[in-house]
Amino acid sequence: MNYLSAENISKNYSERWLFKDLNFGINRGQRVGLVGVNGTGKTTLLRILAGEVQPDSGSVSTRNGILVGYLSQNPVFQDEEASVQDALFSGTNDTLDAIREYEAVMENPDVDHDVMQRAMDRMTDLNAWDYEQKVKQILGKLGIHDLHKQIKFLSGGQRKRVAMARMLITEPDLLILDEPTNHLDLDTIEWLENLLSTQQQTLLMVTHDRYFLDKVATEIAELDGGQVYSYKGNYAYFLEKKAEREEMAGAEVDKARNLMRKELEWMRRQPKARGTKSKSRIDAFYETKEKAAGKASGPGLELSVKTTRQGGKIMEVSHISKSFGGKKLIDDFSYVFKKQDRIGIIGPNGMGKSTLLNMLTGKLEPDSGEIDRGQTTVFGYYTQTELTFKEDQRVIDIVKEVAEVVETAKGETISASQFLQHFQFPPAQQYTMVGKLSGGEKRRLQLLRVLIKNPNFLILDEPTNDLDIITLNILEDFLLNFGGCLLIVSHDRYFMDQLIDHAFVFEGNGKIRNFPGNYTDYREWLKEQDKTVSVSDEKPKAAVAAAPKADLPTETKRKASYKEKQEYEQLEKEIDELETKRDQLTGELNSGGLDHEQLASKAAEIEKISKQIDQKSERWLELADLM
């Protein structure tokens with residue numbers, strides 16, 4: 001069943017065609033991830049499909065009776081004076097009205113008994129009790145607790161969560177989501193991921209979160225060069241097929257360019273008054289010219305900058321604490337930063353992650369404790385604040401404010417223009433006014449300004465927000481080869497797993513745990529902790545139940561034998577070797593230099609090794625208990 005169709009739609013923005021005569025549709029049950037480079041028109045296409053913007057030509061039609069829910073990158077509310085509760089329950093749905101009335105009654109301690117009874121009866125008549133529980137779960141998971149706060153006092157992240165809650169509460173038939181994971185913490189992202197992937201939901205989304213995309217989307221649609229290319233499968237399948245398509249397209253472009261040279265020579269030799277016999281060849285020339293203007297496949301650009309020399313002392317943090325409004329965000333935290341530290345910061349929103357970054361960079365002073373920064377430490381700090389620019393500034397002007405030339409890691413000197421090309425800004429776009437860039441392009445430009453200062457200590461606060469996946473791949477390659485210290489706050493789990501080797505985990509009440517491992521390691525560790533707690537909770541119950549049988553002899557726990565001790569030590573070595581082998585294979589798998597068969601072989605070998613590690617780890621845990 002078709003839910004939505006777009007026929008021959010076109011859109012021109014800032015004297016540039018984003019797409020022309022584009023056709024696109026969504027059927028019931030499809031979960032489509034829309035990908036593409038920043039500036040190709042992904043957000044504009046979503047807004048047209050959602051009815052927020054009209055196309056310059058063509059039409060969009062929605063099936064009768066279908067409710068479409070749209071979540072924009074930066075939600076706008078009609079009434080800024082309204083409360084969060086009014087914004088959440090502003091629909092005309094009778095059930096929502098009943099829930100709003102019931103919640104208002106329950107919050108009033110002096111409410112009349114008859115008024116309360118009428119509200120409860122209405123909830124019962126509309127079967128709204130289960131729905132109310134679902135609403136409370138949505139609000140709780142999204143961290144929305146103060147329903148009386150006015151919209152105008154909400155931060156950008158809070159607005160996004162309220163808009164998402166409103167959309168999920170109304171239960172639309174078709175969801176259109178633009179960067180739904182922005183401003184959500186990791187636990188909330190995983191909850192939303194499970195919610196969307198387990199329901200029979202129809203959705204179209206733009207997201208840079210590759211784990212989210214891989215789990216939720218069953219199809220990938222790529223917007224490239226004004227056309228949509230569809231792939232039935234997840235993100236990993238899309239990458240494989242995209243590479244094949246680009247290779248074929250590159251060969252076609254090269255062939256067209258060779259042909260165009262010959263045809264151009266023929267065109268120049270012809271007299272101005274051409275006969276009708278030549279018209280077909282002339283038409284063919286212009287078709288060839290259009291093909292030849294396409295992008296040929298070639299080696300990707302490599303982003304690298306010289307890192308300022310770093311001395312022995314980088315930064316020493318001693319017993320720092322910080323509180324705001326009586327809430328302790330950081331309590332007695334100490335750490336000595338070492339060369340090439342690669343640290344991720346994990347924790348729910350509002351726990352103090354940005355506060356820690358601001359103290360490390362000197363923008364904020366701790367309430368107590370000391371921060372001793374090395375004399376040679378040069379910070380590069382990418383914040384969540386938007387890029388500031390003047391109306392008459394061009395893209396290249398923004399870069400030249402920082403540096404006219406850039407020295408690469410290989411010692412080569414390149415111009416600001418050449419460096420912009422490395423970051424996906426072609427020469428023609430470099431002289432565009434900054435105000436005409438998309439949100440993602442502005443973020444990319446802002447990130448580039450930080451990198452060209454040659455820092456040796458990079459601090460990145462949510463660098464993945466609004467960046468396209470192509471740019472993220474370029475950034476990841478750069479950071480993997482970055483020779484200095486790296487400190488990252490990000491809700492992009494794939495990004496964190498690729499780049500960090502240990503984490504600062506904000507656990508609440510100011511406590512920060514220094515965890516040895518990446519994000520996935522931490523989540524696995526948490527699961528093991530949960531299992532340990534549940535087992536320890538069950539043991540006392542068993543002991544209480546067995547208490548009356550006091551005459552039975554108590555069981556004495558045996559000790560490990562000499563052979564078991566040897567096995568324990570051997571297992572430790574074997575597990576270490578297997579993990580090293582798995583990491584090596586994972587590196588080869590992610591290198592990009594393997595064909596399809598090699599990828600499948602490596603993946604199968606990794607899976608086999610992972611099972612061996614699990615089996616040996618279970619036995620190791622058994623022996624560890626005896627030890």
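**Exercise 1. Find the residues that Thr-43 touches, leaving aside its neighbours within four places in sequence.**

Step 1. Start with the contacts: beyond those close neighbours, Thr-43 is in contact (heavy atoms within 4.5 Å) with Gln-73 and Asp-178.

Step 2. Thr-43 sits in helix H1, residues 42-49; helices (H or I, at least four residues) and strands (E, at least two) are DSSP runs, numbered from the N terminus.

Step 3. Check how open Thr-43 is. Thr-43 counts as partly exposed because its relative accessibility is 28%; buried means under 20% relative accessible area, exposed over 50%, and partly exposed in between, with a 1.4 Å probe and protein chains only.

Step 4. Look along the chain. Ser-438 is 395 residues away from Thr-43 in sequence, yet their C-alpha atoms are separated by 9.1 Å.

A word on the model: it is predicted, so local features need pLDDT of at least 70 and side-chain atom pairs count only at pLDDT 80 or more, while totals for chains, interfaces and linings use all residues. Residues are numbered from 1 along each chain as its sequence is written, and side-chain values use heavy atoms, with hydrogens and water left out.

**Exercise 2. Work out which partner Arg-159 has in a salt bridge, and where the two residues sit.**

Step 1. The partner is Glu-80, and the closest N and O atoms of the pair are 2.5 Å apart. A salt bridge here is a side-chain nitrogen of Lys or Arg within 4 Å of a carboxyl oxygen of Asp or Glu.

Step 2. This pair links distant parts of the chain, 79 residues apart: Arg-159 is in helix H6 (residues 156-170), and Glu-80 is in the loop between strand S5 (68-71) and helix H2 (84-88).

Step 3. Compare the surroundings. Arg-159 has a relative accessible area of 17%, so Arg-159 is buried. Glu-80 is partly exposed because its relative accessibility is 27%.

**Exercise 3. Describe how helices H5 and H6 pack.**

Step 1. Take the geometry. The axes of H5 (residues 129-141) and H6 come within 10 Å and cross at roughly 160°. Axes are lines fitted to C-alpha atoms, for helices over the stretch in contact, and angles run from 0 to 180 degrees between N-to-C directions.

Step 2. Name the arrangement: H5 and H6 are therefore roughly antiparallel. Angles under 35 degrees count as roughly parallel, over 145 as roughly antiparallel, 65 to 115 as roughly perpendicular and the rest as oblique.

Step 3. H5 passes H6 in a right-handed crossing; a crossing is left-handed if the near helix is turned anticlockwise from the far one by less than a right angle, and right-handed if clockwise.

Step 4. List who touches. H5 brings Tyr-131, Val-135, Ile-138 and Leu-139, while H6 brings Ala-165, Leu-168, Ile-169 and Thr-170.

Step 5. Sort them by class: this contact of H5 with H6 has 7 nonpolar, 1 polar and no charged residues. Ala, Val, Leu, Ile, Met, Phe, Trp, Tyr, Cys and Pro count as nonpolar, Asp, Glu, Lys and Arg as charged, and the others, Gly among them, as polar.

**Exercise 4. Now do it for helices H3 and H4.**

Step 1. H3 (residues 94-106) and H4 (residues 113-125) pack at an angle of about 150°, and their axes are 9 Å apart.

Step 2. That angle makes H3 roughly antiparallel to H4.

Step 3. H3 and H4 cross in a left-handed way.

Step 4. Among the contact residues are Asp-94, Asp-97 and Glu-101 of H3, along with Arg-122 of H4. By class, the contact of H3 with H4 divides into 10 nonpolar, no polar and 4 charged residues.

**Exercise 5. Where is Phe-419?**

Step 1. Phe-419 belongs to helix H13 (residues 416-422).

Step 2. Phe-419 is buried because its relative accessibility is 1%.

Step 3. Ile-452 lies 33 residues from Phe-419 in sequence and 8.8 Å from it in space, C-alpha to C-alpha.
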